[in-house]
Amino acid sequence: MSRNVWKLSLVLFVVAWSLFELYPPTPRDLLRVFEEQAEYQDTNFTAIVSRALDLQQQNSNQVFLNLLTAAGTNELRQYFPSLYDEDDTEHNRAILNRIQKKAAGRIQLGLDLKGGTSFLVEMDTDRLEEVVDKAHAVEQAIEVLRKRVDRFGVAEPVLQPAGENRISIQLPGLSEVDKDTARTTLQKAAFLEFRMVHPESDLLVRQEIVEPGYELLVERSRRKEGETGARRTYLVRKGAEKGLTGKYVDRAGVYPDPVTGAPEINLRFNSEGARLFGEITRQNVGNLMAIVLDGELYSAPRINEPILGGNCRITGDYDLREAYELANVLQNPLEAPLKIVEERGVDPSLGRDSIESGIRAVAIGTGAVVVFMLVYYLFAGTVAITALLLNIVILLGVMCSIGTTLTLPGIAGIVLTIGMAVDANVLIYERIREETASGKSMRGALAAGYDKAFGTIFDSNLTTLISAVILIFMGTGPVKGFGVTLTIGISCSLFTALIVTRLIFDWLLAKGWLTSLPMLRLVGETRINFMRYAVPACIFSWALILVGNGYGIYRGHDVLGVDFAGGDQLRLRFAQRVTVEEVRRAVTDLKVGEAMIQYHTDLMGGKQTLEITTGAGTGVTVNEGLVAKFPEAKFERISLDTVGATVGKEIQKSALAASLLAMFGILVYVAFRYEFSFAVGAVVAVIHDVLMTMGWFFLTGRELSAPIVAAVLTIIGFSINDTIVIFDRIREDLKLGLRGTFLEVMNKALNQTLARTIITSGTVFLATLSLYLFGGGVINDFAFTFLVGILTGTYSSMYIAGALVLWWHKGERPKIGAEVAAEAVAMQRV
């Protein structure tokens, strides 16, 4: 009884902690939290709120920017003294960022659910001559980029290192108008240099003479060719004069020229920069000074007199928007150039649709599993469903506590967790059924059922965890999120199935309320000779695999989606459909190279979207060209993914490495727990399942993407789960000294686990089918892949894994249980 008290205390603590971590689950209105958090209010504060409300009526999606604009020059620190930090450079923005965090919900949504843009930028660390520690350089770059990103007014931007020299940047809710600005701003290294122009520059340029230590630079201009005023060329000294670079810039702002009104950038140097600038201008009165940014000459003003105040103006042929971009990067310079190697964008409206479809899929999948368990297992099903609901609560609580971002594949992970969570309960209940049938009491049947099912549950879930953990360490983005969700889900399933349900049953037994556990029977006692069909089944399977994968090879590069091949993948919604032929002609006229064009239809809603895959960096051109060519179609961008060829190859390598590593881990574990022949059978069955699934995937004309890697690794986990359950029963029967040949023992084990196999595969199939039908087009390929994998994995556990072990031993009983079998034979002789 004391043990049950300890278990009850643990369960109550975990559930209470999970609920605490979950609250509040969804974000609250920022404007309302702004009012609630104010420690002091006056008429001016009321006016700020009123202005923000007016701005919100014009643009409801930019509450953060609306509040920042409404505050204007008013200092918010007087209303939020506890949120004020004197080290902040922009106090109002910093205070609003802290209020935004308080308003945020505990469940963090990924960009695919709330919309926005993500960039993966790569830093050219080879250009860092003075920086030895690359990790420190990346950290410095993150801080610089964070200051630049803050200028966009994006709430909760995420910047984090992604490898040795890459940085992942997520900007939720970024408007389409700001995306180009963000792209430009993030890539600018802003390596500013002040160089001297050769005193005889014009003469030497005309004579085409370049003296040592100098180079020719052409002044930047936005004038088009053919317009009056040719761009001027200067002979400029290489390297910054006296080492005066952008790192000495303290402030940068945009102001209109008092005469022309054109925008110009005013710089203020720090004390050391002011000293250097003063020396340079004093020593070079009458000469030209070149202002060079990222190797491009912006202007070359003449030094008329020494400038000792530490101020400098940069004038050039740029518009107001470019001036603000330049001022932003000058104030936050990088020490090495960056380039964007991957870009993904999702329209917020698509994110809302994804949330709705995801919730619908979870609700329907859970409902289907709940109905089945209640109908089939009756009261025991009620206990299992209670554990399932607690499983979801604990899963979400753990995710919130460690700050895991919930993505669309993450929702898929929850749905699959729901289906697979039932497996442990099914194993326990089927064992209880067997023990009850053998004549044991209710208490004895429960104890034996849990004890005998524990080893199977542990082995099957641990092998699935191998795939999930590999996803975490080797996956990227949403794939990694799926791995995290699946890992937490499996762990929670073990807790709820082995502790929560046992606690409920023990409590009912102690009260005397549980005298029997009636259950329906889907499959009675069977004596099917499964191995009789092993040879034709294997021949048929591998023939299908050759056909399907052969067709995939025939399709060639077309089977690789943007994640693997690199390029731009553009998705558009429209009011009027344009034929594929017309779209292809329009794209061809744009001269962006080969394009893959196809329409996708939502299975439930019937909504269609146009998907166009082209070369990297051409998506925006295609989008603008189609909008101009077909105005009646009213094309509207809902997402744009850009993946560089290098990143695509890296994803291919990591996918292959993850799959091989998962199978190796499974091979080692199964060999350790069983015999090497069993390990080989399990791994060959997994390879069979992956190849079979890929064959059907290729035959249906689909493209490989990063989420498909998650689906394949999940198939590996599911397949080995089912195989381990069957192997565990074979091992148990061998150790019990079951009479008969190895063929008879194997058929017996397959018949004993047939009900569990059908029920578990059926519940996971129901959960995944809800993803396929109701989850929306974004995860349709993922759900299709796993549906095929479920059917294939169930089949291969019988006809591939089991048959291979049987053939390996040439029909003879393996070493497992050999001593028991020998003793039984000896007893018969006596």
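P24 lies in the loop between α1 (2-22) and α2 (30-37). In this predicted model, a cis peptide bond joins Y23 and P24. The omega angle of that bond is about -10°.

Another loop residue is G72, placed between α4 (63-71) and α5 (91-103). G72 is partly exposed, with a relative accessible area of 45%. That value falls in between the limits for buried, under 20%, and exposed, over 50%. In sequence, G72 and I48 are 24 residues apart. In space, their C-alpha atoms are 8.6 Å apart.

E208 is not a glycine, yet its phi is positive, at about 55°. E208 sits in the loop between α9 (201-206) and β6 (214-218). With a relative accessible area of 73%, E208 is exposed. K634 also is a residue other than glycine, and its phi is positive, near 55°. The loop that holds K634 runs between α19 (619-629) and β18. K634 has 58% relative accessibility and so counts as exposed, since the cut-off for exposed is over 50%.

Strand β18 itself covers residues 636-643. Seven of its eight residues are buried, so β18 is largely enclosed by the rest of the structure. Its partner is strand β15 (residues 567-573). The two strands run antiparallel and are joined by seven bridges. Within this pairing, R573 stands opposite E636 in β18.

A further set of strands forms an open sheet. The sheet has three strands, in the order β5-β10-β11, and the pairing is antiparallel. Strands β5 (192-196) and β11 (296-299) stand at the edges. Each edge strand has a single partner, so one side of each is left without a neighbour in the sheet. On average, neighbouring strands of this sheet are turned by 40° against each other, direction ignored. Strand β10 (residues 289-293) pairs with β11 over three bridges, in the antiparallel sense. There, L293 stands opposite E296 in β11.

Helix packing was examined next. Two packed helices are described by the angle between their axes and the distance between the axes. Helix α22 (residues 706-735) packs against helix α23 (residues 742-752) at an angle of about 130°. The axes of these two helices are 9 Å apart. The crossing of α22 and α23 is right-handed. On the α22 side, the contact involves I726, R729, I730, D733 and L734. These residues meet F742, V745, M746, K748, A749, L750 and Q752 in α23. By type, the residues of this contact divide into eight nonpolar, one polar and three charged.

The buried residues of α23 are F742, V745, M746, N747, A749, L750 and N751. They pack against α22, α24 (754-774) and α25. F742, V745, M746, A749 and L750 are buried and are also among the α23 residues that meet α22.

Helix α22 also packs with α24. Their axes come within 11 Å and cross at roughly 165°. That makes α22 roughly antiparallel to α24, because angles over 145 degrees count as roughly antiparallel. The crossing of α22 and α24 is right-handed. Helix α22 contributes F718, N721, D722 and V725 to the contact. Helix α24 contributes R756, T757, S761 and V764. The residues of the contact of α22 with α24 divide into three nonpolar, three polar and two charged.

T785 counts as buried, at 1% relative accessibility, because the cut-off for buried is under 20%. Its neighbours within four places in sequence are left aside here. Beyond them, T785 is in contact with T693, M694, F697, I708, A711 and I715.

Key:
Residues are numbered from 1 along each chain as its sequence is written. This is a predicted model: local features need pLDDT of at least 70, side-chain atom pairs count only at pLDDT 80 or more; totals for chains, interfaces and linings use all residues. Side-chain values use heavy atoms; hydrogens and water are left out. Axes are lines fitted to C-alpha atoms, for helices over the stretch in contact, and angles run from 0 to 180 degrees between N-to-C directions. Helices (H or I, at least four residues) and strands (E, at least two) are DSSP runs, numbered from the N terminus. A crossing is left-handed if the near helix is turned anticlockwise from the far one by less than a right angle, and right-handed if clockwise. Contact means heavy atoms within 4.5 Å. Ala, Val, Leu, Ile, Met, Phe, Trp, Tyr, Cys and Pro count as nonpolar, Asp, Glu, Lys and Arg as charged, and the others, Gly among them, as polar. Buried means under 20% relative accessible area, exposed over 50%, partly exposed in between (1.4 Å probe, protein chains only). Two strands pair if DSSP finds at least two bridges between them. Angles under 35 degrees count as roughly parallel, over 145 as roughly antiparallel, 65 to 115 as roughly perpendicular and the rest as oblique.
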